[in-house]
Each structure stands twice: as C-alpha cells, then as structure tokens.
Amino acid sequence: MQHFTGITQVVGLAAAEDTTGQRLPILPLWGELIFGLIAFAILLWVVTKKVVPNLEKAYAERTAAIEGGMQQAEEAQQQAQAALEQYQAQLTEARAEAARIREEAREQGASIVAEMRGQAQAEATRITEAAQKQIEAERQQAIVSLRSEVGRLSTDLASRIVGESLHEETRQKGIVDRFLAELEAGQIQPEKVGAGATGENTHAQGELDLGTADGRDA
Amino acid sequence: MSLNVLGASILAAEGGEGSGFQAPTPAEFYQPLIGQGDWAITRPIVVLFISVALISWFLVATTRKAAIVPSKGQWVTEGIYGMVRNGLARDIIGSRDFLRFVPLLFALFTMILVNNLFGIIPPVQYPTMSRIGVPIALTLVVFVVYHAVGIRKNGFGGHIKHMIPPGLPKPIYVLIIPLELITYFITRPLTLALRLFGNMFAGHMLLLLFILGGEYMLIHGAFGLKIAGIGSFLLALVLTAFEGLIEFLQAYIFTLLAATYIAGSLADEH
C-alpha cells in the first residue's frame, strides 16, 4: 500500500518537474537522435571530403613509389644481366684470342726451332768439313815431313851399315824418293809385313814397320 | 506513459528505503543543459559535437599534408584508417566495391571509438552512446545505406528477393520469408543499436555503482565498510581498464557489422 502511494507521489512530483529522466533508457530523446544524426553527418562530410582523399592519395603514391622502385630494381637487374652477358662474351672472345695467339706462337716457335736446327746443322756440317780439311792438310804435312824423316833415317842407317855417308849419293840419285814412290805405287811389297795390304794401309804399315825396325835396331 | 510509470516505480522502490545509499539510476544519464524534455540540449549532445570537432581537427591536421613517408600523427591516423580500410572494408565487402564505403565506416568507427572512450576519459567521463538516441542515429545511417545499396544494385524487388535464400523446399518459405524480413528490417538495426547502447550504458552504470558505492561506504560506513569502500574503488579502477577494452571492442563490432550488412546487400549470391 505504501508502495503505491510512493508511485503516485513520484509521478505527481515528476509531472511538476522534468519527467524525461524517468523515461525508459531504451527510448530515445528526439533531440539526441537528431543531433546525433547531424553530428555524424558533419563528421562523415569531413572524413569524405578532407581526410579519405588525402589518405588514399598517400596510399596511391606509396604504391606507385614501391612499384616504381620495383621497376627500377628490375631495370637494374636487366642491365646487370646484359653487362654480365657482355662480359661473358668478351671473356669467350678473349679466350679464343688467347688460344689463337698461343697456337700461332707454337707454330712460330716450331718454325723457329726448325730454322735454327737447319742453321745449326749447316754450321755443324761446315765446321766438320773445315775440321776434316784441316786434318787432311795436317795429315799431308805430316806425311811429307815423315817421308823426309824416313828417308834421312834410312839413309843414316844405311850409312852406318855401309860405313860411309850415303847422303850425298842418295840425294843425287833420288833413291829414297824413288823407293818411296814405288812403295806407294804398290810395286814393292814390304818383306816383313804380310802381303795383301795395299794402298794407304800398306803405306801406313810400311811406315810403321820402318819405325819399329828403326827403334829395334837402335 | 505507462513505461514512464514503470521507470518511476523502480525509482520509487529504491528511493523508498529512506536515508540510506541512493544507488545510481538510469535517470542519472539524463543531464539537460539547456531546456528540458525531448528537445533539450543535453550533455551527450555537447559531448557529441566536441568529439566531432576533435576528431575532425585531428584527422584533418594529420592528413592535410599526407606524405609517402608519414609523420607521427599521420602514422597514427593511417594505423586506424588502415585497420578500417583493409581489415574491415576490403576484407568484408571485397576489393571491388569497398572503397566507396570506407569514409562511412571510418567515420563510424572513429566517432563511436572516441565517444566510447569519453566514458572513461576525464573531464568528460560520459559515454555518449549510453543515450539510445545516438546509437539509433548511427544505426539509421547504416540501415538506410545497406538497403539503398541493395536497392540500387538489384532494384527494390530484387533487393527483397535477395534477402530470401533460394533453393529451399516451398513449404519452408512460409517460415523463412517472414524470418528473413524480420532479420533485415527489425532484428539487425535493433540489435546493432541496442548492443552498443547496452554495453555503454551497463558499463557506465557499473562504474558509477562502484565509485558512488565506494564513496558512500568510505564516508558513512563503519570501519569494515570503509575497507570495503577501498576495495570498491580498486575494483572500479580495474573495471575502468576493462571498460576501455569494451569501448574499443564495441566500436569495432559496430563497424564490422555495418560492413557485413553492406557486404550482404552487395553480394552476388545469397
């Protein structure tokens, strides 16, 4: 009962004052609803006209910058690739060039060696020939001197056997020379030495024999 | 009027206890500054316009010279903008149509977020969204937009037809058609507005209760109650932090659902 009087009291009081506060909280005030709409409309206008376009522009610029950067990077990569290919081509070329030069050098070297060998051969031949000639000349000289020596020795021996000098007579009559010439011609065969040897050999052996005989006799 | 009486009776029942603790009532949220009744200029209206001015100033100031390399302010704005643009609009509406709804969703999100945060930020400490008129205003905008978009795309008949899932057995439609129409025209806007309002209203009420109760116990209570009062204040602190999380979450959910509804109206298939 007290409860109900309470209600009437409050209702009466509220009627005199502002009852809006006692309204259920899920019932809107028109003023708040309308001003809410207006406030939101203002914010929406600001956001649509002033904020979002700028932000979208920044977004687009950023995207463009990133894509531009990527494109630049791609270009740089392509350039690097081109440079690499160029270098490789140059390297291949250089290798081929080097191989060619090496080949040439080898050929040139071979020809030089061949030439040098020919020259050396010729030189060697020349030197050999000269040496042979010199030897021959010295041999001739030796033969000549030996012949005169042999003649003198044999004459000496003969003189000692005979007892007087035969040198004058021998010189006058050319006995020794004739004998030697005959010996060389092969008309006379040395008696101590075995027959069959002729020519130079015979002559050489004769000389040898004469020498040994001389030595033995002496 | 009967509803008014009901509200008054609640008040009376609590007020009738005598000189004890006066628990906060829904009436506390009605704070007219100029005039009274439906068209009074109330505190939430003033807060609302302050928030719009603040948001507009901040957004314009940080994006007026929007550059590729952002400044600190632009970075903050872009973080929020990117979340709404890419995380909500693009992912939900799809990359083909999302761009024209980005301003709407961004404005919704920033407005709700700032007004919710006003609930715990001194010196305002008044969540505008706890006045049902404001969430209804925002919901009206969303409601109109998602129907307008659907009607523009499919025509009026097409839009209505679009709401009904095709390929069901005929008898089912007797049930489905009213259900879907109720969903699109009543449930969706109602829940959208009430969810935001309810969370802000209840959260603020809870904070009020803990703080006013704590204050009362601390001043008028015995020794034991004084300790309880301190506990009440501590709990109010914790709840304030929790409230901050809820305030962000509600702004996000409202924007998310708005995007979902728009996406539903734009979808090619049901």
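Of the 270 residues in chain B of this predicted model, 37% are buried, meaning that 20 or more other C-beta atoms, placed from the backbone, lie within 10 Å of a residue's own. Residues are numbered from 1 along each chain as its sequence is written, and chains are lettered from A in the order in which they are written. Because the model is predicted, local features need pLDDT of at least 70 and side-chain atom pairs count only at pLDDT 80 or more, while totals for chains, interfaces and linings use all residues.

Chain B has 7 helices and 2 strands, in the order α-β-β-α-α-α-α-α-α along the sequence. These are DSSP runs numbered from the N terminus: helices are H or I with at least four residues, strands E with at least two.

Two residues are in contact if their C-beta atoms, placed from the backbone, lie within 7 Å. Among contacts in chain B between residues at least 6 apart in sequence, 62% join residues at least 24 apart.

| Chain | Residues in the contact |
|---|---|
| chain B | 53 residues |
| chain A | 42 residues |

On the side of chain B that touches chain A, α2(B) gives the largest share, 10 residues.

Definitions and conventions: Buried ≥ 20, exposed ≤ 12 C-beta atoms within 10 Å, placed from the backbone.
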